[in-house]
Amino acid sequence: MNFAPLPSVDIAAVPSDGFVLDVREDDEWAAGHVEGALHIPMSDFVARFGELTEAADDGRRVHVMCRVGGRSAQVTQYLVQQGIDAVNIDGGMLAWDGAGRPMVADNGTPAFVL
């Protein structure tokens with residue numbers, strides 16, 4: 001059995017108004033995340049899959065994000081298998097932060113990657 005390569009994009013290729021799905025856990029999300037991103041922790045993902053399909057029903061590409069790219073790669077693979085246009089964000093939140101892309105935190109403190 002051969003698998004197609006996982007679709008992935010560089011941080012710079014994520015549009016500022018792109019649809020970002022963050023699959024990190026709650027504490028990671030609270031510390032810093034992409035404003036406007038949809039947050040569904042990987043541990044809850046299958047149970048909350050309907051939230052994603054509802055949010056992505058306009059056919060927009062889903063940019064999947066975690067801390068460095070491991071968890072998001074697994075979720076991206078699952079989404080692609082479900083026929084959803086999804087790509088893994090290479091380097092995750094660490095690369096996002098490193099590229100100086102904007103982040104927000106839940107409590108109004110300066111955002112950081114946990």
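E28 is buried, with a relative accessible area of 8%; buried denotes under 20% relative accessible area, exposed over 50% and partly exposed the range in between, computed with a 1.4 Å probe on protein chains only. The model is a predicted one, in which local features need pLDDT of at least 70 and side-chain atom pairs count only at pLDDT 80 or more, while totals for chains, interfaces and linings use all residues. Residues are numbered from 1 along each chain as its sequence is written, and side-chain values use heavy atoms, with hydrogens and water left out.

E28 belongs to helix α1 (residues 26-31). Helices (H or I, at least four residues) and strands (E, at least two) are DSSP runs, numbered from the N terminus. When residues up to four places away in sequence are not counted, E28 touches R67, R71 and L114, contact being defined as heavy atoms within 4.5 Å.

The strands form an open sheet of five, in the order β1-β5-β4-β2-β3, with parallel pairing. The edge positions are taken by β1 (8-9) and β3 (38-39), each of which has a single partner strand, so one side of each is left without a neighbour in the sheet. Two strands are paired if DSSP finds at least two bridges between them. β1 and β5 (residues 86-89) run parallel and are joined by two bridges; S8 has N88 in β5 as its bridge partner. Helix α3 (residues 70-81) packs on the sheet and touches β2 (19-22), β4 (62-65) and β5, and its direction makes about 170° with that of β5. Axes are lines fitted to C-alpha atoms, for helices over the stretch in contact, and angles between N-to-C directions run from 0 to 180 degrees.

Three bridges connect β4 with β5, and these strands run parallel. Across this pairing, H63 stands opposite V87 and V64 stands opposite N88. In β5, A86 and N88 point one way and V87 and I89 the other way, and all are buried. In β4, V62 and V64 point one way, H63 and M65 the other way, and all are likewise buried. Together, β4, α3 and β5 make a right-handed β-α-β unit. A crossover is termed right-handed if, with the strands pointing away from the viewer, the path from the first strand over the helix to the second runs clockwise.

On its other pairing, β4 is joined to β2 by four bridges, and the two strands run parallel. L21 has V64 as its bridge partner in β4. D22 also lies in β2 and is buried, with a relative accessible area of 1%. The C-alpha atoms of D22 and V64 are separated by 6.1 Å, although the residues are 42 apart along the chain. Neighbours within four places in sequence aside, D22 is in contact with W29, H33, L38, H39, I40, P41, M65 and M93.

Aromatic rings were also examined. Rings of Phe, Tyr and Trp (its six-membered ring) are paired if their centres lie within 6.5 Å, with planes under 30 degrees apart counted as stacked, over 60 as edge-to-face and the rest as tilted. By this rule, there are three aromatic pairs. In one of them, the rings of F45 and F49 have centres 5.9 Å apart and planes at 65°, so the pair is edge-to-face. Both F45 and F49 are buried. The rings of F49 and Y78 have centres 5.5 Å apart and planes at 80°, so this pair is edge-to-face. F49 lies in helix α2 (residues 49-55) and Y78 in helix α3, so the pair ties together parts that are 29 residues apart in sequence. The relative accessible area of F49 is 17%, whereas Y78 is partly exposed at 26%. F45, F49 and Y78 form one aromatic cluster.

A charge-ring arrangement involves R101, whose charged end sits over the ring of W96, 4.2 Å from its centre. The criterion requires NZ of Lys or CZ of Arg to be within 6 Å of the ring centre and within 35 degrees of the ring normal.
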